[in-house]
Amino acid sequence: FLLVRLCVTQLNESYFSPVTDCTAVLLLVTCIEQHLEMGRKLLAAGQLAEALSHYHSAVEGDSKNYLTYYKRAAVFLAMGKSKSALPDLTRAIELKPDFLAARIQRGNILLKQGNIQEAREDFQAVISPWDPESRELRAECYIRLGEPRKAILDLTPAARLLNDNRAAFLKLSRLLYDLGEHHGSLSEIRECLKLDQDDKECFAHYKQVKKLSKQLDSAEELISEQQYQEAIEKYDSVMRTEPNIPFYTTKAKERICFCLVKIKQAEEALDMCSEAHQREPQNIHILRDRAEAYILLQDYEKAVEDYQEAREFDQENQEIREGLERAQKLLKISRKRDYYKILGVSRTANKQEIIKAYRKLAQQWHPDNFQSEAEKKEAEKKFIDIASAKEVLTDPEMRQKFDSGEDPLDPENQQGGGGGGGNWPFGFNPFESGSNFHFKFNFN
C-alpha cells in the first residue's frame with residue numbers, strides 16, 4: 001500500500017517524463033498494475049469506494065487500456081450507479097469493438113433506460129458471432145473466394161452451435177480432406193455419424209477418409225521402419241484411392257521420390273522427383289531428394305543447383321545447408337578425379353562390380369600393352385588412377401569419405417604421411433625410372 005501511495009505522489013508531482021525516461025515508464029506501468037490489483041482486492045472485500053478510487057487512478061494512468069474502463073464500470077454497477085458506468089463501457093467498446101462482455105453490460109443498462117434500439121444493436125453485436133446461420137453463410141463466401149481455411153474457422157463453431165448440424169460437419173470434413181488434413185477430416189465426419197450413424201452422405205465420406213488415412217499412416221510407418229519398397233507400394237495405393245485431390249497425388253510422389261533415393265534407384269527417383277517438383281516447385285524436401293538423385297547419377301552441377309534453390313526457400317534449414325556443402329565438394333572433386341567415373345561404375349555399385357570393372361580396365365591399360373614411351377606414360381597414368389579408384393571404392397571407410405565429398409587420396413586431405421608417390425595409393429610409383437620393380441598381373 002505504501003508503494004502505491006508513493007507512486008501516486010511521484011506521478012502527481014510530475015517527477016518523471018514518461019515519454020523520454022524509461023525508468024518513469026516502468027514505474028508508471030508498475031503503479032497501474034498496483035492500482036488494478038488493489039482495486040480487485042477491495043472490490044472482492046466489498047470496499048467499493050476504496051476500490052473505485054484505485055480504478056480512477058488506473059484510468060488516469062493509462063487512458064488507452066479498455067480493461068481499466070471496464071473494471072471501473074463494474075465498480076459503478078456494484079454501487080448501483082449504472083449511469084456512471086455507461087460512459088466507461090462505451091469507452092471500453094470504442095477501444096475494443098469486439099469486447100462482448102462490455103456490450104452485454106451496456107445493452108442491459110440501455111434496455112433498463114428504455115433505449116430499446118441502442119440496446120438491440122449491442123445485443124445483436126453479441127449474438128451475431130455465435131449465430132450458426134451467419135457463420136455458415138460467411139463460410140460459403142470464403143469457399144467461393146478460395147479461402148478454405150477461413151471457412152473452416154467459421155464452420156468449426158457453427159457445426160457445434162446446433163443440436164444436429166450434420167451438413168456443417170460434412171462440409172467441414174470435406175474441406176479438411178481437400179487440404180490434406182486427413183486426421184482432422186476423419187474426426188469431423190465421426191461427429192456427423194454420432195448424430196446419425198445411418199446418414200448416407202456422411203458414411204460414404206467416412207469410408208473414403210478412413211481408407212485413405214489408414215494407407216497414409218501405414219506408408220509413413222513403413223518409411224520409419226526403413227521398408228522403402230513396401231512404402232512405395234503403399235503410396236501407389238494412395239494415388240489409386242484418391243486420384244482427384246492434388247494434395248495426395250503430390251504427397252505420394254514426394255514420398256516415393258524419397259524412398260527411391262533411399263534404395264538408390266536413381267533414374268526412377270529423378271523422374272518421380274521431377275514430377276513432384278512440377279506440382280510443388282517450392283517444396284524443399286522434393287528439391288533435396290532430387291539433388292540426392294542427381295548425386296547418385298554423378299550429375300553434381302544439377303545437384304548443387306537443386307540444393308541452392310532449396311536454400312533460397314529456407315535459409316535456416318541445416319540439412320539443406322549441409323547437403324549443399326557436400327554437393328559442392330563432390331562437384332569440386334569430380335573436376336579433379338571421380339573414382340566412379342574412372343572405373344565406369346555407378347555410385348550404387350557393389351564391391352564385386354567394382355573389382356570386375358577394375359580388372360577389365362587394369363588389363364586394358366597395363367603399360368606392358370603399349371610400345372612407345374608416350375603411350376606407356378599415358379597408360380601408367382591411367383593405370384594409377386584405376387588402381388587408386390579400386391583402393392578407395394573397395395575400402396568402406398575411404399568410400400564413405402569420398403561419398404561425403406572428400407578425396408581420401410588427395411594430399412591436401414592427408415594428415416601426415418601416406419598418399420605420396422604422385423597419388424599412387426601404396427606410397428610409391430612402380431613405373432618410376434630407375435625402379436627395379438617389375439609389375440606383373442594375374443587376371444584369374
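## Buried cysteines in a predicted model

Please keep in mind that this is a predicted model.

## Two disulfides

How many disulfides does the model hold? The count comes to two. As a reminder, a disulfide is a covalent bond between the sulfur atoms of two cysteines.

## The link of C192 and C202

In this disulfide, the sulfur atoms of C192 and C202 sit 1.9 Å apart. The link is right-handed, with 75 degrees about the S-S bond. C192 belongs to helix 11 (residues 182-195) and C202 to helix 12 (residues 200-224), so the bond ties together parts that are ten residues apart in sequence.

## The link of C257 and C273

C257 and C273 are also joined by a disulfide, with 1.8 Å from S to S. Here C257 lies in helix 14 (residues 246-262) and C273 in helix 15 (residues 266-279), so this pair links distant parts of the chain, 16 residues apart. The link of C257 and C273 is right-handed, with 75 degrees about the S-S bond.

Are these two cysteines buried or exposed? C257 is buried at 0% relative accessibility, and C273 is buried with a relative accessible area of 0%.

## Two further cysteines

C259 is buried, at 0% relative accessibility, whereas C141 is partly exposed, at 46%.

Definitions and conventions:
Residues are numbered from 1 along each chain as its sequence is written. This is a predicted model: local features need pLDDT of at least 70, side-chain atom pairs count only at pLDDT 80 or more; totals for chains, interfaces and linings use all residues. Side-chain values use heavy atoms; hydrogens and water are left out. A disulfide is a pair of cysteine sulfur atoms within 2.5 Å. Helices (H or I, at least four residues) and strands (E, at least two) are DSSP runs, numbered from the N terminus. Buried means under 20% relative accessible area, exposed over 50%, partly exposed in between (1.4 Å probe, protein chains only).
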